[in-house]
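Here is a short report for a reader who is new to this structure. Please look over the sequence and the model first.

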Amino acid sequence: GRGRGRGGGRGRSQSPAPLDFARRANSAISRTRSLAELAEVVAFYDARRFNEVNVATAYSRLGRHFRDDQRGTLDDQAWYLALETRTLALLPDLSGWAASSVTWSLARAARDPGAAFWEALERTLIARASELEPQGVANVLWAFAVMGRRAPPALRNTLEAAAARFCGGPAEEDEEIGNGDCASSDAATFKPYEMTMAFWALTRFGEAPSSDVLERFERRLPSVMNQLRPKELANVACGYGRAQISGGGVLPLLAETCAFEPGLLSRFVPHEFATLLWGLAKAELTCGTHDGVSNRAVERFETFLAKNVARFDDPRDTSLALWALATLHPKQTRVLSMRFAASSSESSHGQTTVTDGTKRAKTPTPAKTRDESWLALTESAIVAKRNLRSYNPQDLSNALWAFARFEHVPGAAFQAEFEEAAVAKITEFNTQSLANVAYAYASLALPGAATVLPLVSEHLEKRLEDVGSSESSARTESSAPTAVELVMVLWAYARCGFDPGPEAMALVEKACLSHVREMQPDELTQYLWASASLRYRPNASFLAAAERRAERAPAMYDTESVTLTLWAYATLGLAPSDALLERFADELERAEAETKTKKSAFNPQDLSLGFWSAAVLAWQPRSSEDAYSSKTELEDTQVFRVVRAYAKHLPTLAPDHVSPEGLSAVFAATLALDAAAPEACAALSPAWQTLAKPAEAAWRAAKTRNPTVSRLQEDVGSVLKRMGVPHELEKPVGDGLIRPDFALTDTFALEDADANATRASTDSNTSEGARFAKIARDKKTRGVVVEVDGPYHYSREPSFGVLGTHGALEDWFSGGSVAAEGAGAGEAPRGVGRAGDGGWRDGGGRWPLGSTVLRNQLMRAWGMTVVTVTYHEWERLGTPRAKREHIAELLERAKREDARRGESDSTC
């Protein structure tokens, strides 16, 4: 028994009661069989007259009689309060056993006696700790853990040292204590259940026990595992998980025992089963790894859940078990898959936009080798219970997150009930739950994302606003969102093409800025990738901090992270720092060295995307102060090191392993490099020789598709027609390599001659497009083209008001920029700038995307004059007359430029 009333005194009695009264009272207390009887006896004998033995016996009975449904009911019970008051007076004279009984019973009853009582009890326990037997040590540790109270260091250290002794002797005694006979009181060791209770208690606050305890516990546990009940097995797993201890080999054994010991798994109640799985998952015992849970054990657990989930009355147990099984599932190479599947831009003309395509198609999933019918059975049982509305926010998010991890798309009935429950409780979701729900909806491409993501955004904004407010200053740091949570939400937005708005993006950026020094390469990459996918250009201060972290992060950047980071910079028209490019070049060259001994480190689509990104960045327009003095200087830069590193991997790329969009990206990159650094491009060209013709074919095929003409484009065309300007919509120019929105047909006199010259070439090793590019470079193809650029051709900024820069920024939609003077001046990051010419110092506002800039660069390099009609200017014009005047002014300016270029070419 726990307590039994023995050893209550310390050799002298301070009780005012005579000895015969104390004996009668103790006898009556010992005979009680329920809490009600105990209350009656204590009241009858008057606790104020109790001595130390009476108090110890009363608390021992109290702990034994308490049922779980009676916990927390003593706070206003007069008989108990009298007992507690008397106990406080006698605490200094209680024996170690009596003090342990009081402690244990307080935890059983969930009674907090107050600070004065705890302090006196702790002093007694410290003084009497050496007297405690194994059961007393286990009871005290368990009680402090259950009450959520940390033991004072002196008490914790003493109890931990005792626990190490009671787990078993040192190595030379292994044979003696390894026989599993732990019931003997002479052995001075824990009984198996006491040992697991002590271990669980020592890990209660997420701290690992001492190495001595852990070594002895793990040495003895295998020999007594068959004596443990399901609750005790679950508590062991829980302890390992809470303290993040790998398990030293005992946890996989514990999992095997639970899964295959005849009849054992069927004795687990739902909460014990969920706790067992939670502990295995938190200890990171990923199935299939050499030190993880075996596949067959996990499959057994999955089958058990599917068959028994109908009797899981507590939603927490269902969702926790699902979450744990999903966590034990072999991890993807990347938590948030951003695999590249290139796709063309919104129109099919000369725009060289390259995106990662995740908004348009789900990432292909590997063939499944395991039977996952249990997921459908589990889902059906959950739907049949019709209790998703009773799930709390964490349970809801865990369940759907688990389905997403397994790539299991739930049926319409589950989705409808889940969405109804999530919408009803969205105000109660913390940031982790919001992140999990957003991730799941995006990962599974659920149609409800259109309803759920705006709600996630709205409530995430509120959470982020609260974090910095004075009203929430007393909150703990744990209430603030983590970088992983914020990145998950941004990833979901980008995956679904949901724009949360500049205010929301600014709040996320501000929150991430506080974590940026700890963010890992994957997290930095995912943040930049999501921002670029949504066309939001990070603020200069965030970008600088992110670059500093990326330059110094000890974790390695893999090839996918390098590629997607460069894609984000190229897409947004940003210029990476030299230090970051140097690190990326080093990483790519390391990957090249490894490729010589094993297969390529690149996914084929990533390689084509990375090559495109590097080429765009190499030819990125620069301001006069940043410009290279010569093309030779460009070839000596870190960005060209990156270009060369990607080019060296291109021979490993088989054309039939790359999507048409990926091949188009390779061709666009070769055109850009030929224009930016012809000699270097020629030297590198053997690297893409096998890709040249398939890449050009893919590019030309994209240009022959029927174009999508926007209303804005139609409006500009109608104005040109009314003005009598000869033009052709989506006319192929540059030998069919480019299809601008409008070509002014009377300005392209040399087009046919150039095309004929291209076809006359006899260089069989050079693609037709490359031959044209060379001729166009040498013999400029003059002509004027008109490009109509809508919102999807531009990046935008998060709200400066939220970021606190105090700059006078107009709304980005109306074309504003940071004022030239004031706190916001000069805060734009380096890049192409508002005019797309590298003039980044003109502040913020709307910047053209890197692909839009590249389109214009190519046409200008081939001798054309580009007129850009922007949506924001067009919308401000209003009247037909104003639009005609605007077009006339643009065309007059373009024709003057075209004439100057013609004169310049003729003198060369």
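**The cores**

This is a predicted model. Its largest nonpolar core has 254 residues. Those with the most contacts inside this core are F50, F273, F301, F611 and Y646. Helix α31, residues 660–676, gives the most to the core, with eleven residues. A second core is separate and has 19 residues. F742, V784, Y871 and W874 are among them. In soluble globular proteins, nonpolar side chains tend to be buried together.

**Aromatic rings**

The structure holds 24 aromatic pairs. One of them joins Y59 and Y80, and its geometry is edge-to-face. The ring centres of Y59 and Y80 are 6.1 Å apart, with 80° between the planes. Y59 belongs to helix α3 (residues 52–65) and Y80 to helix α4 (residues 78–90), so the pair ties together parts that are 21 residues apart in sequence. Y59 and Y80 are both buried.

F199 and Y240 make another pair. Their planes meet at 45°, so this pair is tilted. The centres of the F199 and Y240 rings are 4.9 Å apart. This pair links distant parts of the chain, 41 residues apart. F199 is in helix α10 (residues 192–202), and Y240 is in helix α12 (residues 230–242). F199 counts as buried because its relative accessibility is 1%. Y240 is buried too, with a relative accessible area of 0%.

F273, F301, F304 and F312 form one aromatic cluster.

| Charged residue | Ring | Distance from the ring centre |
|---|---|---|
| R165 | F166 | 5.5 Å |
| R796 | Y536 | 4.4 Å |

**Helix α21**

Helix α21 runs over residues 449–467 and has 19 residues. From its first C-alpha to its last it reaches 26 Å, close to the 27 Å expected at 1.5 Å a residue. Which residues of α21 are buried? They are A449, V452, L453, V456, S457, H459, L460, R463 and L464. An α-helix has 3.6 residues a turn, so residues three or four places apart point the same way.

**Two loop residues**

Most residues other than glycine have a negative phi. A110 has a positive phi, near 55°. A110 is found in the loop between α5 (96–109) and α6 (115–128). It counts as partly exposed because its relative accessibility is 30%. E407 also has a positive phi, near 60°. E407 lies in the loop between α18 (393–405) and α19. With 26% relative accessibility, E407 counts as partly exposed.

**The sheet**

An open sheet has four strands, in the order β1-β2-β3-β6. Its pairing is mixed. The edge strands are β1 (728–729) and β6 (864–870), and each pairs on one side only. Strand β3, residues 783–789, pairs with β6 in the parallel sense. Seven bridges join β3 and β6. V788 stands opposite V869 in β6.

Terms used. Residues are numbered from 1 along each chain as its sequence is written. This is a predicted model: local features need pLDDT of at least 70, side-chain atom pairs count only at pLDDT 80 or more; totals for chains, interfaces and linings use all residues. Side-chain values use heavy atoms; hydrogens and water are left out. The expected span of a helix is 1.5 Å times one less than its number of residues. Buried means under 20% relative accessible area, exposed over 50%, partly exposed in between (1.4 Å probe, protein chains only). A nonpolar core is a set of buried Ala, Val, Leu, Ile, Met, Phe, Trp, Tyr and Cys residues joined through side-chain atoms within 4.5 Å. Rings of Phe, Tyr and Trp (its six-membered ring) pair if their centres lie within 6.5 Å; planes under 30 degrees apart count as stacked, over 60 as edge-to-face and the rest as tilted. A charge sits over a ring if NZ of Lys or CZ of Arg is within 6 Å of the ring centre and within 35 degrees of the ring normal. Two strands pair if DSSP finds at least two bridges between them.
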